[in-house]
Amino acid sequence: MTDYEKAIDSYLRFPDRSDFVPVDEDGLKFLFADDNGLVKARFLAFSLGLNPSFEQVSRERVFEILEHLGGEVSDEFESDEETLEDDETANILSASYDDAPIIKLVNQLMIQAVKKGASDIHFEGMDNSFAVRLRVDGKLKTVKKFPKKIQDPIIARIKVVSNLDVAESRKPQDGRINLKIGNRTIDVRVSTVPSVTGEKAVLRILERSKSLVTLENVGLADHLLDLYRRNLNKPNGIILVTGPTGSGKTTTLYASLLEIASDDSNIMTIEDPVEYHMENITQVQVNQAVNVTFASAIRSFLRQDPDVILVGEIRDEETAEAAVQASLTGHLVLSTLHTNDAPTAVARLIDMDVEPFLISSSLLCTMGQRLVRRICPECRRKVKSDDYVRDYFQGEGYELDEHYIGEGCDACFGTGYKGRTGIFEIMSVNDEIRSLINRRASSGELAATAKNNGYKRMFDYGAELVRHGVTTPMELITVTRID
């Protein structure tokens, strides 16, 4: 075992290692952030009989190295859980030291999830085991399986750190955890539900320290970006972003707010929950217990002299009518709607009993969006298209004899994909569209008329990404699901 391996082995068991770290740079070296870190580093080196060099660095540098050291759940640690007995569980849950096995396991799983860029962590029981799954780039993948007996202690630990009732396992609960992993600030939304195989916990990861995405970076093509910006800069009206859960609608809306936020405008939001915190914007969270709903908040906002109102989601008739009234009284309203494409948003509003003449008067544009996985640049290669893929694209008006895929490598964890980008469609409301809305035309008629005015489907947008090797044909087909 080398000096560095000895140092790392002991370092990872050291109780407080936040201000020093060993590295292998032309021999063993200890980096330290302050005097306390230097004292600990010298103590560890002396106890192991090592003779390293020492260098003072910023705390951020120490944190960066720590992130890379602490991300995986080791096999050695798994063997610790195998030895857990039921009578040890209570002591572990009440423990406050970092080396308690359950505490260590939960911490390492969360660090691993953040390192891999996961958006969600699923802790769920099976009949004879307990699984942990991560959602990375929109796809769930099982990363670890553990003995069934540690399910309850792990769920209890999650409840403890998210201030939930540990004794209540018969009903769903929601909580929140605030973490600092290295120099990254993480918000975690926690949801637990009872199931026939024990309680399941899902943790949604939101990284506050990441800078908000701008409109240039969400993936809009230049001509769509110009079209969207023209509508975004209008003084009043409604802009709707549509798509299923997890399609990036909220990110697009925050990018829109970032675009128009200024010192001379009053922007107010009502969300469920508030996912990203922004400066100079008033953000309100839905609270059913005290009757703070989307609709009631919009009505209250109108007495607060707003310029722009963001509504997290239009999900009922009351919210839809309040949003329409706000737009008709001189405010710009941004919101989301769960529909399959941009033209269907109009039909959805009519289904909510909003009068067509109100929709045609207030609606500026609807934007449909999805997220597709990007091909990993490390293992990308060109292949011949299968007959199914070639025929499918031919039916949509595209010739696709060859395309790119990702073979799978360490950089993309063997998936062939790394990161995601948006695909979009925008339907602007002009006089022709207004006329169709007033006579309750179908979404098919709206799409056909919009197409004559330059509207393109998400599939058309995604087909260009396939041609340029950004994503794969199967990913586009799966995400858009064209009939």
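**Aromatic cluster**

I started with the aromatic side chains of this predicted model. Y388, Y392, F393, Y398 and F459 make up one aromatic cluster. I then counted aromatic pairs across the structure and got 10. I took F393 and F459 as the pair to look at in detail. Their ring centres are 5.3 Å apart and the planes meet at 45°, so I logged the pair as tilted. The angle falls between the cut-offs of 30 degrees for stacked and 60 for edge-to-face. Buried or exposed? I checked both F393 and F459. Both F393 and F459 are buried.

**Charges over rings**

Next I looked for charged groups above aromatic faces. R42 places its charged end over the ring of F54, at 5.8 Å from the centre. R373 lies over the face of Y417, and here the distance to the ring centre is 3.9 Å.

**Nonpolar cores**

Which residues touch the most other members of the largest nonpolar core? I found L220, L257 and F393, in a core of 44 residues. Helix 17 is the top contributor to this core, giving six residues. I listed the partners of L257, skipping residues up to four places away in sequence. They are I267, T269, M278, I281, V308, L310 and L334. There is also a second, separate core, of 40 residues. Its members include F301, A320, A322 and V346.

**Helix 15 against helix 16**

I turned to a packed helix pair. Helix 15 covers residues 431-438 and helix 16 covers residues 443-452. Their axes are 10 Å apart and the packing angle is about 170°. Angles over 145 count as roughly antiparallel. Helix 15 and helix 16 are therefore roughly antiparallel. I noted the residues that meet: E432, I433, L436 and I437 from helix 15, with E445, L446, T449 and A450 from helix 16.

G454 sits in the loop between helix 16 and helix 17. Its relative accessible area is 56%, so I put G454 down as exposed. I also checked its distance to I426. G454 and I426 are 28 residues apart in sequence, with 9.5 Å from C-alpha to C-alpha.

**Positive phi**

I went through backbone angles for residues other than glycine. D137 has a positive phi, about 55°. D137 is in the loop that joins strand 5 (129-136) to strand 6 (139-147). With a relative accessible area of 17%, D137 is buried. N163 also has a positive phi, near 60°. Where is N163 found? N163 is in the loop between helix 7 (151-161) and strand 7 (173-181). N163 is exposed, at 69% relative accessible area.

**Helix 7**

N163 follows helix 7, and I looked at that helix next. Eight of its 11 residues are buried, so helix 7 is largely enclosed by the rest of the structure. I wrote down the buried set: Q151, P153, I154, I155, A156, R157, I158 and K159. R157 and K159 are among them.

**T252**

T252 is a residue of helix 9, which covers residues 249-260. I found T252 at 1% relative accessibility, so it is buried. What is T252 in contact with, once neighbours within four places in sequence are left aside? The contacts of T252 are L215, M367, Q369 and F424.

**Whole protein**

I counted 18 helices and 18 strands in the protein. The C-alpha trace spans about 85 × 60 × 50 Å along its principal axes. Of the 483 residues, 48% are buried. I also looked at contacts between residues at least 6 apart in sequence. Of these, 63% join residues at least 24 apart.

Definitions and conventions: Residues are numbered from 1 along each chain as its sequence is written. This is a predicted model: local features need pLDDT of at least 70, side-chain atom pairs count only at pLDDT 80 or more; totals for chains, interfaces and linings use all residues. Side-chain values use heavy atoms; hydrogens and water are left out. Rings of Phe, Tyr and Trp (its six-membered ring) pair if their centres lie within 6.5 Å; planes under 30 degrees apart count as stacked, over 60 as edge-to-face and the rest as tilted. Buried means under 20% relative accessible area, exposed over 50%, partly exposed in between (1.4 Å probe, protein chains only). A charge sits over a ring if NZ of Lys or CZ of Arg is within 6 Å of the ring centre and within 35 degrees of the ring normal. A nonpolar core is a set of buried Ala, Val, Leu, Ile, Met, Phe, Trp, Tyr and Cys residues joined through side-chain atoms within 4.5 Å. Helices (H or I, at least four residues) and strands (E, at least two) are DSSP runs, numbered from the N terminus. Contact means heavy atoms within 4.5 Å. Axes are lines fitted to C-alpha atoms, for helices over the stretch in contact, and angles run from 0 to 180 degrees between N-to-C directions. Angles under 35 degrees count as roughly parallel, over 145 as roughly antiparallel, 65 to 115 as roughly perpendicular and the rest as oblique.
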